[in-house]
Amino acid sequence: MSKEALETEDPNIALQNSDDFIELRRKFRKFVFPMTGAFLAWYFLYVLLAVLAHDFMGTRVIGNITWGLILGLLQFVTTFTITIVYVRWAGREFDPRAEALAQKMGALK
Amino acid sequence: MNTALAPTLMPTATTVGNPAINIGIFALFVVVTLAIVIRVSRNNNTAAEYYAGGRAFTGRQNGIAIAGDYLSAASFLGIAGAIAVNGYDGFLYSIGFLVAWLVALLLVAELLRNVGKYTMADVLSFRLRQRPVRIAAAISTLAVSFFYLLAQMAGAGGLVALLLGIEGDLGQRLVIVVVGIIMLFYVIFGGMKGTTWVQIIKAVLLIIGAVVMTVWVLAKFGFNISTLLGDAAAAAPAAADGTARDLLAPGLQYKNPVDFISLALALVLGTAGLPHVLMRFYTVPTSREARRSVEWAIWLIGAFYLLTLVLGFGAAELVGAKAIKAAPGGANSAAPLLAFELGGEILLGVISAVAFATILAVVAGLTITASASLSHDVYNTLVKKGNATPEEEVKVARISALVLGAVAIVGGIFALGQNIAFLVALAFAVAASANLPTILYSLFWKRFNTRGALWSIYGGLISAITLIVFSPVVSGKPIDAVTGKSPSMLQGVDFHWFPLDNPGIISIPLGFVLGYIGTLTSREYNAAKYAEMEVRSLTGYGAEGASQH
């Protein structure tokens with residue numbers, strides 16, 4: 001059996017090479033990779049400020065609330081926000097496509 | 001600082017609160033949870049029931065259980081204590097622990113749930129050669145779980161020291177033994193289902209306890225955060241050389257920027273490589289529920305860390321750093337001491353029982369994970385060549401749990417007095433170095449193969465542990481004038497040559513690089529298995545479903 005024939009026989013390989021699946025994977029990676037890069041960059045920016053700019057982070061902004069506290073709390077805010085945005089995106093964009101492909105696989109069996 | 005000049009209100013090594021109340025409330029928790037464990041674990045003999053609770057938990061239940069698993073003694077006692085003594089740097093810890101969940105949410109949880117069955121090794125070995133990869137993954141699972149276990153047991157010891165006023169004594173060791181035995185009962189009889197319920201109950205109690213204390217602290221400061229921070233900063237004692245210590249600015253705990261960056265890397269990349277966290281994703285029926293689990297976990301964990309911020313600064317003002325440091329159990333006693341300050345014996349008893357429950361639940365989660373790996377990955381692969389029946393596997397898992405319980409008890413006795421947040425940070429460093437690179441490569445990199453996995457796992461694991469052994473954590477830190485002891489694990493010797501406390505900055509990139517180079521030097525590639533894994537990971541087709549009753 002030739003390599004091409006083998007690949008068309010295997011339903012997983014066939015699906016993996018289908019346009020719908022490639023589109024699903026592309027959409028998923030296009031969302032999660034940049035998002036991961038963004039929150040890691042923002043987190044390490046914060047860490048660098050905390051270890052290198054002690055005076056800035058200790059500066060009182062309002063009362064005894066410091067820049068360090070504000071930026072730290074913003075890390076909480078961005079974490080919560082990314083969670084909400086991802087869960088919504090996944091429910092709207094990802095799940096229906098993934099579900100359709102899983103059903104297609106189930107029908108082949 | 002001269003200890004003779006310390007104020008007289010500094011507690012001596014005697015009991016805080018009433019030991020009878022403390023033990024009574026804890027005993028109540030144990031009785032209630034044991035009853036629940038016995039109730040829910042009637043049919044626990046199939047592998048899916050024992051390892052994964054039948055995959056029948058909802059995303060919300062599992063999310064609460066994850067929070068219960070993750071908010072360990074390190075989070076509650078360690079972070080509150082670190083904030084009370086070192087202010088802002090303690091808060092930095094908690095941010096890393098929280099942000100880390102985004103790695104799990106975006107990259108790991110759902111795909112792992114779809115591909116795997118019971119253990120982390122199921123995913124790693126899916127399209128690679130089973131035996132070597134499973135063994136490697138099992139070894140690193142055991143290593144991470146061991147560090148984490150030590151941290152929890154040390155926490156139990158510290159808490160006992162505070163509550164019963166005994167330090168390094170027979171009684172303290174006895175309590176560690178009792179904690180170990182109760183935990184084993186949960187794991188061996190309850191399996192994953194019983195363990196999960198213990199974690200859910202504990203998470204709810206912990207969060208309620210923290211909310212009550214937070215509101216109480218805030219009330220004392222007129223619900224004004226700025227006042228609380230200002231008073232806490234004013235109460236902070238000066239450094240040994242007489243310079244002022246600003247609790248609200250970073251830099252009190254981490255003098256060396258590189259050391260903190262190393263720690264931050266380990267924290268943010270470690271969570272998604274912790275085997276006991278990963279195993280929790282198998283307890284839900286679908287990848288969508290796994291996503292919901294992480295969503296719930298992030299909300300609960302985030303909210304909890306916000307509470308510890310108030311508790312830590314509250315303890316700095318209301319209890320005082322000096323009293324905390326001098327108490328048996330050291331910084332770890334900040335939260336219980338604060339409870340005593342606020343609500344006397346009863347609140348101390350409740351909070352201490354919650355802290356004990358925390359330790360029990362986390363230790364149970366670690367033990368079931370490590371025992372599952374020993375049975376499902378090591379016994380089944382090495383001894384039975386993959387032909388063990390589910391009944392045999394579960395039996396071996398239960399025996400493994402017994403052995404691990406004994407190890408945890410002995411290790412806990414040796415780890416008494418160590419800072420627990422710190423030991424947990426080491427577990428995170430090993431997880432991020434040895435596990436995360438292989439998890440990500442195997443989920444996202446087509447070319448990845450067995451040699452890459454082995455180089456990455458062993459390289460990350462060995463480098464992380466070697467650097468820890470030769471770090472100042474183990475030997476060679478200068479003697480602290482207040483306690484008269486070196487903060488290192490070993491006293492009186494110095495064989496350290498690695499300058500940092502946390503190995504992450506070297507060992508994590510090394511794990512990634514070795515995985516990359518190892519992969520490129522091997523031609524192995526299995527197109528069919530890769531297709532099966534990728535299709536399953538993204539669409540969920542072929543994933544393990546919930547068990548039917």
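A residue is called buried here if 20 or more other C-beta atoms lie within 10 Å of its own, the C-beta atoms being placed from the backbone. By that criterion, buried residues make up 66% of the 549 residues of chain B, and 28% of the 109 residues of chain A count as buried. The coordinates belong to a predicted model, which scores ipTM 0.93 and pTM 0.92.

**The two chains**

Chain B contains 19 helices and zero strands. Its radius of gyration is 23 Å, close to the 24 Å that the globule rule gives for 549 residues, so chain B is as compact as a globular protein of that length. Chain A is built from five helices and two strands, and follows the pattern α-α-α-α-β-β-α when read along the sequence. For chain A the radius of gyration is 23 Å, well over the 13 Å that the globule rule gives for 109 residues, so this chain is more spread out than a compact globule.

| Chain | Box filled by C-alpha atoms | Contacts joining residues at least 24 apart |
|---|---|---|
| Chain A | roughly 75 × 30 × 15 Å | 52% |
| Chain B | roughly 70 × 50 × 45 Å | 83% |

As for confidence, the mean pLDDT of chain B is 88, with 93% of its residues reaching 70 or more. Over residues 1-14 of chain B the pLDDT is below 50, and this stretch has 17 contacts in the model beyond near neighbours in sequence.

**The interface**

Between the chains, 42 residues of chain A are in contact with 43 residues of chain B. On the chain A side, the elements that give two or more residues are α2 (11-16), α3 (19-52), α4 (54-58), β2 (65-66) and α5 (67-108), and α5(A) supplies the largest share, 17 residues. By residue class, this side of chain A divides into 25 nonpolar, 14 polar and three charged residues.

Helix α3(A) has 34 residues, which at 1.5 Å a residue should span 50 Å, and its end C-alpha atoms are 49 Å apart, in agreement with that expectation. Its buried residues are Phe21(A), Leu24(A), Phe28(A), Val32(A), Phe39(A), Tyr43(A), Tyr46(A), Val47(A), Ala50(A) and Val51(A). These residues pack against α2, α4 and α5 of chain A, together with α5 (88-115), α10 (257-270) and α19 (527-539) of chain B.

**The core and helices of chain B**

In soluble globular proteins, nonpolar side chains tend to be buried together. The largest nonpolar core of this model holds 237 residues, of which Ile301(B), Ala315(B), Ile324(B), Leu338(B), Leu360(B), Ala427(B) and Val430(B) touch the most other members. Helix α14 (residues 334-383) of chain B gives the most to this core, with 29 residues. Not counting residues up to four places away in sequence, Val430(B) touches Ala143(B), Val144(B), Phe147(B), Leu461(B), Ala464(B) and Ile465(B).

Helix α15 (residues 390-414) of chain B has 25 residues and reaches 35 Å from its first C-alpha to its last, close to the 36 Å expected at 1.5 Å a residue.

Ala137(B) lies in helix α7 (residues 130-164) of chain B, where it counts as buried because it has 28 C-beta neighbours inside 10 Å. Leaving aside neighbours within four places in sequence, Ala137(B) is in contact with Met120(B), Ala121(B), Leu124(B), Ser125(B), Asp377(B) and Ile457(B). The C-alpha atoms of Ala137(B) and Ile505(B), which are 368 residues apart along the chain, are separated by 22 Å.

**Two residues with positive phi**

Most residues other than glycine have a negative phi. Arg55(B), a residue other than glycine, has a positive phi near 55°, and its place is in the loop between α2 (47-52) and α3 (59-70) of chain B. Lys385(B), also not a glycine, has a positive phi of about 50° and is found in the loop between α14 and α15 of chain B. Which of the two descriptions, buried or exposed, applies to Arg55(B), and which to Lys385(B)? Arg55(B) is buried, with 24 other C-beta atoms within 10 Å, whereas Lys385(B) is exposed, with 10 other C-beta atoms within 10 Å.

Conventions. Residues are numbered from 1 along each chain as its sequence is written. Chains are lettered from A and ligands numbered from 1 in the order in which they are written. This is a predicted model: local features need pLDDT of at least 70, side-chain atom pairs count only at pLDDT 80 or more; totals for chains, interfaces and linings use all residues. Two residues are in contact if their C-beta atoms, placed from the backbone, lie within 7 Å. Helices (H or I, at least four residues) and strands (E, at least two) are DSSP runs, numbered from the N terminus. Ala, Val, Leu, Ile, Met, Phe, Trp, Tyr, Cys and Pro count as nonpolar, Asp, Glu, Lys and Arg as charged, and the others, Gly among them, as polar. The expected span of a helix is 1.5 Å times one less than its number of residues. The radius of gyration is taken over C-alpha atoms; the globule rule is 2.2 Å times the number of residues to the power 0.38. A residue is buried if 20 or more other C-beta atoms lie within 10 Å of its own, exposed if 12 or fewer, and partly exposed in between; C-beta atoms are placed from the backbone. A nonpolar core is a set of buried Ala, Val, Leu, Ile, Met, Phe, Trp, Tyr and Cys residues joined through C-beta atoms within 7 Å. pLDDT is the predictor's confidence in each residue, from 0 to 100.
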